[in-house]
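Me: I am new to this structure and would like to go through its aromatic rings and one of its helices. Could you take me through them?

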Amino acid sequence: MRAVLLLSCPEQKGIVATVSDFIYRNDGNIVDADQHTDFEGNLFLQRIEWELDGFRIPRDAVAAAFRPIAERFGMSWSLRFSEDVPRMAILVSKLDHCLHDLLWRQRAGELRAEVPLVLSNHEDLRPVATSFGVPFSAHRITPETRAQEEGKMIARLTEERVDLIVVARYMQVLGSAIVEAWRNRIINIHHSFLPAFAGGRPYHQAHARGVKVIGATAHYVTEQLDEGPIIEQDVVRVSHRDSVEDMVRKGRDLERVVLARAVRLHLRHRLLVHGNRTVVFE
């Protein structure tokens, strides 16, 4: 079993030495360490992972033992353990490519998480979830039912002890109550035409303009639509030979890969949010 410590605090002398010494003095073996200093913001960020076999402090006492160090340096920090398996809910509408990909990767062991439920605003993808043995719940969202149905969704997510929500082409804007309750724990995927080709039919707009690259962006969800901290991005080239259908196919392929990368980084505790940016410890 391993422990992962993520921390951020004002830049100052002695942070690396003190954290490393805490692990060394308690017979821990550091297996991965990375850090970043934002000199403009005077902020230090670090991810450090160590083996707990032979560690002198019991797992349930590690946080309390580290707390004086965190207070000394004014740290924001979190502690995770490798044996804990996060619980991941998936939100979908009618497009199934990201849902299929996430469930397949989870079943294949590429994404170390439990998937206790799939939530949707339509019934269309129930057979997909059922084929993977995942409970499916539909909540018809209209302006009149939004508050009530989102309340039911929050209750279900809370009941299932969901750690991460993946918005896998869920074509609804999440309410502030959900965003606040799962702050920095909701990942969304969308094409990277924004803001140039906003609104409907972005691939048609891009095709008409003769774009040469298309892309996908995965980010944490905030109250500002599609403006949360970016986790992962990628692009693929297109040409005059590509039809709109070709561009859509390439775009969806890219969305699958970029979303999976972002989810994997989160599940492996390799992300720290800094303002409206992420620091990615790859």
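Reply: One aromatic cluster is formed by Phe22, Trp50, Phe55, Phe66 and Trp77. The model is predicted: local features need pLDDT of at least 70, side-chain atom pairs count only at pLDDT 80 or more, and totals for chains, interfaces and linings use all residues. Residues are numbered from 1 along each chain as its sequence is written, and side-chain values use heavy atoms, without hydrogens and water.

Me: How many aromatic pairs are there by the rule?

Reply: The count is four aromatic pairs. Rings of Phe, Tyr and Trp (its six-membered ring) pair if their centres lie within 6.5 Å; planes under 30 degrees apart are stacked, over 60 edge-to-face, and the rest tilted. Phe22 and Phe66 are an edge-to-face pair, 5.5 Å centre to centre with 65° between the planes.

Me: Which helices hold Phe22 and Phe66?

Reply: Phe22 is in helix H1 (residues 15–25) and Phe66 in helix H2 (residues 62–73), 44 residues apart. Helices here are DSSP runs (H or I, at least four residues), as are strands (E, at least two), numbered from the N terminus.

Me: Are Phe22 and Phe66 buried or exposed?

Reply: Both Phe22 and Phe66 are buried, meaning under 20% relative accessible area, where exposed is over 50% and partly exposed lies in between (1.4 Å probe, protein chains only). Phe66 has 3% relative accessibility, so it counts as buried.

Me: Now to H3. What follows H3?

Reply: Gly109 follows H3, and its phi is positive, near 90°.

Me: Which residues of H3 are buried?

Reply: They are His97, Cys98, Leu99, Asp101, Leu102, Leu103 and Arg105.
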